[in-house]
Amino acid sequence: MPTRRDFLKLGSVGVAGLVAAPPAAPGAADAAETPRYPLLTIAPLKDIGAGAAISFAYPDRHSPAMLLRLTAPAVGGVGPNQEIVAYSTLCTHKGCPVAFKPERKMLICPCHWSTFDPAKAGTLVIGQASQHLPQIELRVDNGLVQAVGVAGLIYGRHTNIV
Amino acid sequence: MPVSRASSVDSVPLPPPGAQRFDTVCQFCIVGCGYKVFKWPVGRDGSPEAQGNALGVDYTRPLPPLGEWISTAMHSVVTDKDARRYNVVIVPDKGCVVNEGLASVRGGGLAQTLFAPDRATKARLSQPLVAQGRGHAPIGWDAAVDLGARVIKAVVDRWGPDAVGMKFFDHGGGGGGFEANWAVGRFFFSGVGTRTASIHNRPAYNSEVHAAGDAGVAALTNAYVDAELADTIVLVGSNAYETQTNYFLVHMVPNLNGSTLARKRETFAGEAVEPARIIIVDPRRTMTVATAEAAATPERVLHLQIEPGADIALLNAIGRVILERRWYDVGFIGDRTEGQTFEAYQRSTLAVDRPLADVVGEAARIAGVSPAQIHQAAEWIAAPKGDQSRRRTLFHYEKGLIWGLKNYENVAALVDLALLTGNIGKPGTGCSRMGGHQEGYVRPVYPGGRPALNVDEAIRRGEVKAFWVGGCNPVLTTLRAEAMETALKERGAVVQSALDRTAGRPVGERVARIVDALKLGGMFVLAQDIYMTATAHYAHLVLPAAQWGEVNLTSINGERRLRLYQRFMDPPGEAIPDWEIMARFGRRLRALYLEDNNPQMANRFLDFTWKSDEDVFIHARYQFKGDGSDPIEGYAGVTYDLLRRLGTNGIQTPTRIVNRVPVPTVRVHEDGRFFTPSGRARFIPAPQPWPGYAAKVVAQRTQFPFWVNNGRTNHIWQTLYHHQHVPFYAEHNPMPHLEMHPADAARLGIASGDLVELSNDVGRVRAMASITDAVKRGHTFMLFGQPRGATGDLVSDHVDPATTIPYYKGVWAAIRRIGPQPEIQRTVSFLPQNVAR
Ligand code: SF4
Ligand code: FES
């Protein structure tokens, strides 16, 4: 399965094509079934203004996510300046909904105060989660920003595609 | 370097209903959270329906918040000695009263620390090694033990037992346990008989809380439930959110936000109750301060952001206000303390012969806080509640105080405040250290006196001929660490050439040449550990130990909760438990002394015949009577069987035997008795206003502009011995971070992520800058034991002469920018780590 490590190695620009490629066969017998992610159009690129924070659900309607247009290039970002990113908004500690604080440039969980950096692939800044925030893999196709995959297990699931 | 992808996997296998189950406790911090382990063969996974998996949880739909979720960090695949691969899932136990199902960032990754041949933890030591040329070669246990035991015997016979030096863990949890500690103590104290002993990163073998001991107050007095019941919580030098996480989150936060009010009403019928207030004494605005404010509203949080070394002045002034306002506990002092010590305390410590305003004003100046804050602290600690009932205050202290200016008086000043206000031994009160690692200390009495002798200095002077390091890494963490490294390198090299010259020769000849080398100033080094540490690199014998999960072990947490940490997998290769390593050496020494017709020495190594971890546990138990006279770790009457039945909740020590059954002690001193001959507590003088800096510290302070506070952080456990092999943690701190105030950083042209160098009269070290207002101007904070830059290289050899405890926090240095680190700046987050809203 594509890991976010591969994703990042490929760079933050050439996202298109990565997820479209057929997922690799699980390398080890212990890996559970590889999910196949749907393609979801989130919004036209031109409608995503500076400071935009757009809620959506991905890969299914029970999985809240948020698209952010940051002010500087971000790891895994798309768009003209690689500043558009998206994350699952379920905290990877215990599943409370994280909120984006633009003035802080971070996502903060109100339950036990884990904080995540949207410019650094959802890295845990400080807090009690044992995974980073799952990053929604994006691409821009024909002027549309689309979700094509998820790097990291979403809270509450044993596999992202249930 | 990509950003970490421990979490890049997007699924986890579920344990099948038939998976093996084990109870354990987190291997990391003092809190000791309960965890459940599931293990099953790869390829036999459970299914998402509730009846299809061992957790009995319905995973067919996404879980609601606070569910029993298995994060990808909670799973890994291990290979046992049967060469079969097993899935292991380690999840926090919701049935454990300590953590109620919560993991912290460290505990959530327990599964990632397990040995696996296909992950970075394969770096584990798996064979005994002997130094050979520039590296190490396998030697096999029998030959390793034979060579090591012969060298130890030769050293003892020629130079006496004190020429054998040791620096060993005394931890509970992952770093030790009662079994390992007992075996180590039997070997070095009952067997070898050395006084040249020291505890992990410290230079000597000593209590860190001698002053509490002298006062008759236990190091761990309260139960965690007391944090749910207290009116006021006082944290001195403890960053609880980050380093005692689930004690703070599960027991303090609910009190701060009012969710324990019903419990308080029920426990204290008729007494005024409200949500708790909290006083945090810390030179930094930590995440603990930020989260306390988020939980309690800022008006109920008092952060005293003190200057280094000012604890005594601050605490004494608070005591003086309490005395002056007559908020002290007359009944408690009269009934429970030695009266003459209270008289002396008022003069020596509370300065009753000076006007109150002078005392408070002076303390405020020294501490860098306002007189009003000192009065407010006194009020929150001791002013009667609305209904005139006595306020219940829970005092906690840790390294900020213990490793502060003057270990003995620092701790005394706080314990005195607890005695003055009668806050020990009652629900909602207590005076305890917070703790760092867990506790599992049980050993024969240390043969040295007090203050204990300084092993680091004995090594530098060449008095130590054989030096055995177990489960610690002084090359990174002791004071003047570079001098330690130089001693290991230079004294070790002499022995090394003797070893190289005699490679392949009979052991008798090798030992003879080694002894010649020792006569020339050489030092034979043994390292017993789970990884090839910076210290082990210099060892002539490297002894691979089994770790947490590969042995059964027992330990207590910060409320003295004793549990069995069950073995659930095999150690790598030939690694064996620490107690077994000591036993092998003990048996060999006995045989060598018998061959030598020295029954007297042979008999010192009599009891190394244990067959199992439980044998060691039961052997160590003999000293406990269960009659109320035992020390706080006393576990009279406890067996592995009992602990297996009690699971992750265990039993709180010291146990007392009632009708042949061990019963727990929820709070120490609840019977009104203290650990002194009179049974009454003693006030210990802590001279007012404060002792000031020692000459060596003054010299360093004058020469170097920045105070380098240092310690542990949320993400990183100790020296990263595990975490450097787990990307999620290692990538958070690819090197130590150095927190700097924005104004200081601007002046030096330093940006977050820049490489900086700290230097002083002791040494130099590098770090990555992290610009934050968490520190005051002129203050900095650095992660303490990172392999790529350890503050030990900057810590001077100044110790509290009364206790031989170093002033680890007392470091001053110059800082200069070296340059940018683009990869680190691209991938590591430098957002502030003290923001909760
Ligand atoms: S709080 Fe401490 S004991 Fe609990 S899970 Fe975290 S590191 Fe482990
Ligand atoms: S659920 Fe988000 S920090 Fe605990």
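For the classes I use here, Ala, Val, Leu, Ile, Met, Phe, Trp, Tyr, Cys and Pro count as nonpolar, Asp, Glu, Lys and Arg as charged, and the others, Gly among them, as polar. Please keep in mind that this is a predicted model.

I'll start with the cavities. There are 11 cavities of 30 Å³ or more. The second largest cavity has a volume of about 130 Å³. Its lining has 17 residues, and by class these are 6 nonpolar, 7 polar and 4 charged. Which residues lie nearest the centre of that cavity? They are R284(B), E739(B), A774(B), Q833(B) and N834(B). Two strands of chain B, β23 (737-740) and β25 (764-771), each supply at least two residues of the lining.

Next, the largest pocket. It holds about 1300 Å³ of space. The pocket is lined by 42 residues, and S207(B), V209(B), Y441(B), P631(B) and E633(B) are the closest to its centre. Sorted by class, the lining comes to 19 nonpolar, 13 polar and 10 charged residues. Helix α3 of chain B, residues 210-215, gives the most to this lining, with 3 residues.

Now two helix pairs, both in chain B. Two packed helices are described by the angle between their axes and the distance between the axes.

The crossing is right-handed. On the α1(B) side, the contact is made by D146(B), L147(B), R150(B), V151(B), A154(B), V155(B), R158(B) and W159(B). α19(B) brings V507(B), V511(B), I514(B), V515(B), L518(B) and K519(B). By class, this contact has 10 nonpolar, no polar and 4 charged residues.

The second pair is α2 (residues 178-192) and α20 (residues 578-595) of chain B, whose axes come within 8 Å and cross at roughly 25 degrees. Angles under 35 degrees count as roughly parallel, so α2(B) and α20(B) are roughly parallel to each other. This crossing is left-handed. From α2(B), the residues in contact are E179(B), A180(B), A183(B), V184(B), F187(B) and F188(B). They meet D578(B), W579(B), M582(B), F585(B), G586(B) and L589(B) of α20(B). The class count for this contact is 9 nonpolar, 1 polar and 2 charged residues.

To recap the handedness: α1(B) with α19(B) is right-handed, and α2(B) with α20(B) is left-handed.

Technical notes:
Residues are numbered from 1 along each chain as its sequence is written. Chains are lettered from A and ligands numbered from 1 in the order in which they are written. This is a predicted model: local features need pLDDT of at least 70, side-chain atom pairs count only at pLDDT 80 or more; totals for chains, interfaces and linings use all residues. Side-chain values use heavy atoms; hydrogens and water are left out. Axes are lines fitted to C-alpha atoms, for helices over the stretch in contact, and angles run from 0 to 180 degrees between N-to-C directions. Helices (H or I, at least four residues) and strands (E, at least two) are DSSP runs, numbered from the N terminus. Angles under 35 degrees count as roughly parallel, over 145 as roughly antiparallel, 65 to 115 as roughly perpendicular and the rest as oblique. A crossing is left-handed if the near helix is turned anticlockwise from the far one by less than a right angle, and right-handed if clockwise. Contact means heavy atoms within 4.5 Å. On a 1 Å grid over the protein atoms alone, a cavity is a set of points where a 1.4 Å probe fits but cannot get out, and a pocket is an open set with protein on both sides within 12 Å along at least five of seven lines; lining residues have an atom within 4 Å of a point. Grid points are joined across faces, edges and corners, and a volume is the space filled by probe spheres set on the points.
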